[in-house]
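Hello,

Here is the structure I promised to pass on. Please open it first, then read my notes below.

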Amino acid sequence: GIGCIKLNRAPRILDNNAFSGRTTLTSIEIPETVGGIMDKAFYNCSKLTGITIPGSVTRIHNHAFLKNQ
């Protein structure tokens with residue numbers, strides 16, 4: 001399964017449920033092109049322990065990381 005993701009060409013917004021249920025995802029690197037992380041974008045990513053969020057992200061929804069470690 002996928003352990004680490006580096007988004008080279010990401011959308012401006014990481015949409016609702018974008019990575020929802022990716023239980024093997026351990027880390028993700030979000031590029032400067034992203035400005036927002038929406039509702040449940042990383043819902044139930046139970047092994048996600050490392051995330052790089054750049055300064056360009058100005059909005060993170062309250063439930064973006066719901067049911068994570």
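**Contacts and overall build**

In this protein, 24% of the contacts with a separation of 6 or more are between residues 24 or more positions apart. Keep in mind that the model is predicted.

Now the overall build. The protein has six strands and zero helices. Along the sequence the pattern reads β-β-β-β-β-β. The C-alpha trace spans about 25 × 25 × 15 Å along its principal axes. A compact globule with 69 residues would have a radius of gyration near 11 Å, and the protein agrees, because its own value is 11 Å. Of the 69 residues, 32% are buried.

**The sheet**

Look next at the open sheet of three strands. Its order is β1-β3-β5, and the pairing is parallel. Which strands stand at the edges? They are β1 (4-6) and β5 (50-52). Each has a single partner strand, so one side of each is left without a neighbour in the sheet. On average, neighbouring strands of this sheet are turned by 5° against each other, direction ignored.

Strand β3 covers residues 27-29. Three bridges join β3 to β5, and the two run parallel. To find your way there, pick out I28, which stands opposite I51 in β5. As background, strands of a sheet pair through backbone hydrogen bonds.

**The aromatic rings**

The structure holds two aromatic pairs. One is F19 with F42. Their rings are stacked, 5.2 Å centre to centre, with 5° between the planes. F19 lies in the loop between β2 (13-14) and β3, while F42 lies in the loop between β4 (36-37) and β5.

Together, F19, F42 and F65 form one aromatic cluster. F42 counts as buried because its relative accessibility is 0%, and the cut-off is under 20%. F65 is partly exposed, with a relative accessible area of 30%.

**A charge over a ring**

One last thing to find is K40. Its charged end sits over the ring of Y43, 5.4 Å from the ring centre.

Best wishes

Key
Residues are numbered from 1 along each chain as its sequence is written. This is a predicted model: local features need pLDDT of at least 70, side-chain atom pairs count only at pLDDT 80 or more; totals for chains, interfaces and linings use all residues. Side-chain values use heavy atoms; hydrogens and water are left out. Two strands pair if DSSP finds at least two bridges between them. Helices (H or I, at least four residues) and strands (E, at least two) are DSSP runs, numbered from the N terminus. Axes are lines fitted to C-alpha atoms, for helices over the stretch in contact, and angles run from 0 to 180 degrees between N-to-C directions. Rings of Phe, Tyr and Trp (its six-membered ring) pair if their centres lie within 6.5 Å; planes under 30 degrees apart count as stacked, over 60 as edge-to-face and the rest as tilted. Buried means under 20% relative accessible area, exposed over 50%, partly exposed in between (1.4 Å probe, protein chains only). A charge sits over a ring if NZ of Lys or CZ of Arg is within 6 Å of the ring centre and within 35 degrees of the ring normal. The radius of gyration is taken over C-alpha atoms; the globule rule is 2.2 Å times the number of residues to the power 0.38. Contact means heavy atoms within 4.5 Å.
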